[in-house]
Amino acid sequence: MIYFPKDLAEIIHQNIGSAKGLNAVRLRENYQKNKNHEELYSTYLLSRMPSTYAAITRVLQEIPADVEVLTALDIGSGPGTGLWAMRERFPGMASYKGLEVDEIFIDLAKQLNSKASGPVVEWMNGAYPKDLPDSKSDLVLMSYTVGENSAETVLKTIDHVWKHNVSEWLVVIEPGTPKGYNSILNIRGYVAKNGGYMYAPCKGNYTCPLFGHDWCHFSIRLERTLLQKQIKKGTLPYEDEKFSYLIARKSPIVFDEAAARVIKNPLVRSGHITLDLCGESGYERMTVSKSQKEAYRTAKNAEWGSTWKKK
Ligand SMILES: C[S@@+](CC[C@H](N)C(=O)[O-])C[C@H]1O[C@@H](n2cnc3c(N)ncnc32)[C@H](O)[C@@H]1O
């Protein structure tokens, strides 16, 4: 379970009544009329930001704990969701740049971050690819933004980003839909051809075994904030966010040949657990029975998205 930062939730809740003339009641009405209307900024802060925050946080957990990221570039930064997630994960981050085409999102990002400490923050109002900077950052994040652009724009952007902006890590996150997966796959193809190394969820540059059969995606559970519950009139204290993602690196990675990714919820039955695994040797469905004592103990802890080491 991922928890949205309490201080961020409070700032959003305090500001929301006056934000762009919308109040909670109108927000709920608008939300009910058109649940996917992400142009409603306040609705975005209330209903989507906690979910994208959870997905970014979950994906960043894949990067080894001892990795330091000092400089970050967040492309399509919206209200600055990536800043909040990266500040939490990389407390030593010294500089963060957000590139965002929408001025209202830039204003909101500034408001939300006005009292926060941490890295030196620069908000750049511009559109990718034309307004991308030429400087390098340890980590470049593109979270839930690629799908809003044409394939041509994305390709030009990734070409620039990979050559001129990424010094080590590229992290791309999209909704966990076939469309999101396809966008990720195209970026993966570009990066693999241009000297990059896939770090996660793939454990190498092998051809995606799911292509044409299924789409690779994962899920993260997040706690619903009070206003999120009110706006959605939801009773559940949590929701699940589905996402597809890619972490690529500039430096080579040596994977254990037996390492694989659990790509679906493990099926727990009496006496055995079935795992769907993906790795260098392709897709594999594996059953671990209770009699395989040690493997069974490990399988009980396996989760959709976790790493599995085949013996
Ligand atoms: C769904 S929001 C995601 C915001 C944030 N990254 C997050 O994860 O919550 C997508 C953002 O990308 C921005 N965006 C889309 N295309 C862009 C482009 N070509 N240049 C700059 N920003 C762009 C949008 O304005 C919007 O703020």
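These legends walk through several close-up views of a predicted model.

**View A. How confident is the prediction along the chain?** Welcome to the model as a whole: the protein averages a pLDDT of 91, and 92% of the residues score at least 70. Residues 18–24 have a pLDDT below 50, and this stretch makes 10 contacts in the model beyond near neighbours in sequence. Over residues 35–39 the pLDDT also stays under 50, and here the model has three contacts beyond four places in sequence. Where pLDDT is low, the predicted coordinates should not be read in detail.

**View B. The shell around the ligand.** Here we look at the 20 residues that surround the ligand, of which T52, G76, G78, T81 and S143 are the closest. Which elements supply at least two residues of this shell each? They are helix 3 (41–60), helix 4 (81–89) and strand 2 (95–100).

View C. Is the strand enclosed or open? Strand 1 pairs with strand 2 in the parallel sense, over five bridges. To find your place in this pairing, look for D74, which stands opposite G98 in strand 2.

**View D. Helix 4, one of the contributors to the ligand shell.** Seven of the nine residues of helix 4 are buried, so the helix is largely enclosed by the rest of the structure. The buried residues are T81, G82, L83, W84, A85, M86 and R87. T81 is also one of the residues closest to the ligand.

View E. The protein is divided into domain 1 (6–249) and domain 2 (259–309). Nine residues from domain 1 and 11 residues from domain 2 take part in the contact. On the domain 1 side, the touching residues divide into six nonpolar, two polar and one charged. The C-alpha centres of the two domains lie 29 Å apart.

**View F. W304 and the residues it touches.** You can find W304 in the loop between helix 9 (293–301) and strand 13 (307–309). Leaving aside residues up to four places away in sequence, W304 touches F218, S219, V262, K264 and N265. W304 counts as partly exposed because it has 16 C-beta neighbours inside 10 Å. For a sense of distance, the C-alpha atoms of W304 and T71 are separated by 30 Å, and the two residues are 233 residues apart along the chain.

View G. Start with Y128 and P129, which are joined by a cis peptide bond with omega of about 5 degrees. P129 lies in the loop between strand 3 (120–125) and strand 4 (137–143). Another cis peptide bond joins A200 and P201, with omega of about -5 degrees, and P201 is found in the loop between strand 6 (197–200) and strand 7 (218–223). Finally, Y144 has a positive phi of about 55 degrees although it is not a glycine. Y144 lies in the loop between strand 4 and helix 6 (151–165). Is Y144 buried or exposed? With 22 C-beta neighbours inside 10 Å, Y144 counts as buried.

Technical notes. Residues are numbered from 1 along each chain as its sequence is written. This is a predicted model: local features need pLDDT of at least 70, side-chain atom pairs count only at pLDDT 80 or more; totals for chains, interfaces and linings use all residues. pLDDT is the predictor's confidence in each residue, from 0 to 100. Two residues are in contact if their C-beta atoms, placed from the backbone, lie within 7 Å. A residue is near a molecule or strand if its C-beta atom, placed from the backbone, lies within 6 Å of it. Helices (H or I, at least four residues) and strands (E, at least two) are DSSP runs, numbered from the N terminus. Domain bounds come from an automatic or database domain assignment. Ala, Val, Leu, Ile, Met, Phe, Trp, Tyr, Cys and Pro count as nonpolar, Asp, Glu, Lys and Arg as charged, and the others, Gly among them, as polar. Two strands pair if DSSP finds at least two bridges between them. A residue is buried if 20 or more other C-beta atoms lie within 10 Å of its own, exposed if 12 or fewer, and partly exposed in between; C-beta atoms are placed from the backbone.
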